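This report concerns helix packing and surface pockets in one protein model.

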Amino acid sequence: MKFFIDTANIEEIKEAQSFGVLDGVTTNPSLMSRENIKGEKNIIEHYRKICLEVDGDVSAEVISTDLDGIINEGELLSKLDNKIVVKVPMIKNGIKAIKHFSSKNIKTNCTLIFSSGQALIAAKAGATYVSPFIGRLDDISIDGLNIISEIRKIYDNYNINTQILAASIRSPMHIINCAKIGSDVITSPLTSIVKLFHHPLTDIGLKKFLDDHYSVNKK
Ligand code: G3P
């Protein structure tokens, strides 16, 4: 399973990249505005900076919702770097644009997926990735992981190679469960990735190893 970090914060991306387990980055307009990145020039520059920091795909989301606008923005973004994946919302014009991008070999991430039907349509249009938002489904008492299972089954039934990119991850258990179900990718805030490292028995065990070593060796 690929690990993407869901942030536009350069320091967090650098930290995740330093672990050696990072496969890509996803951003969205909310994450960009959280970093106070504003104006087309600065937004473009920020995507370039992110691409320099990571070995792997970088999702950059379009703002337009009309077909021509999505296509123009997406083509511009895709020219920035071959790591760029054009992130397109799950709307009718988004699906038409994904079909267009797919015919031009431009990678896409269909975002704001909340049902397996939406994921099926996006895959038929040729999306490289679909992003089901599992945390936001959990927030309204719908089992987000169940959507991942349904999409996995549908894609496996027809050997569809669109990758399931589980998004809106809120905890390390989301990551573990996505891996159990067979999600191709998770995109997570740094905090949930870091929590995977920890176990109290690891800390207790390491302390004992070091205490035992230093009980007979000089520091
Ligand atoms: O990048 C999209 C997704 O991960 C958003 O997550 O936490 O805003 O629901 P969240």
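The model is predicted; local features require pLDDT of at least 70, side-chain atom pairs count only at pLDDT 80 or more, and totals for chains, interfaces and linings use all residues. Residues are numbered from 1 along each chain as its sequence is written, and side-chain values use heavy atoms, without hydrogens and water.

Helix α4 (residues 67-78) packs against helix α5 (residues 92-103) at an angle of about 45°, and their axes lie 9 Å apart. The crossing of α4 and α5 is right-handed. In α4, Leu67, Ile70, Ile71, Gly74 and Glu75 meet residues of α5 that include Ala97, His100 and Phe101, contact meaning heavy atoms within 4.5 Å.

The two pockets compare as follows; a pocket is an open set of points on a 1 Å grid where a 1.4 Å probe fits, with protein on both sides within 12 Å along at least five of seven lines, and lining residues have an atom within 4 Å of a point.

| Pocket | Space | Lining residues |
|---|---|---|
| Largest pocket | About 360 Å³ | 23 residues |
| Second largest pocket | About 220 Å³ | 13 residues |

Asp6, Asn28, Leu31, Arg34 and Pro189 lie nearest the centre of the largest pocket. Helix α2 gives the most to the lining of the largest pocket, with three residues. For the second largest pocket, α3 gives the most, with four residues. The lining of the second largest pocket divides into nine nonpolar, one polar and three charged residues.

Definitions and conventions
Axes are lines fitted to C-alpha atoms, for helices over the stretch in contact, and angles run from 0 to 180 degrees between N-to-C directions. Helices (H or I, at least four residues) and strands (E, at least two) are DSSP runs, numbered from the N terminus. A crossing is left-handed if the near helix is turned anticlockwise from the far one by less than a right angle, and right-handed if clockwise. Grid points are joined across faces, edges and corners, and a volume is the space filled by probe spheres set on the points. Ala, Val, Leu, Ile, Met, Phe, Trp, Tyr, Cys and Pro count as nonpolar, Asp, Glu, Lys and Arg as charged, and the others, Gly among them, as polar.
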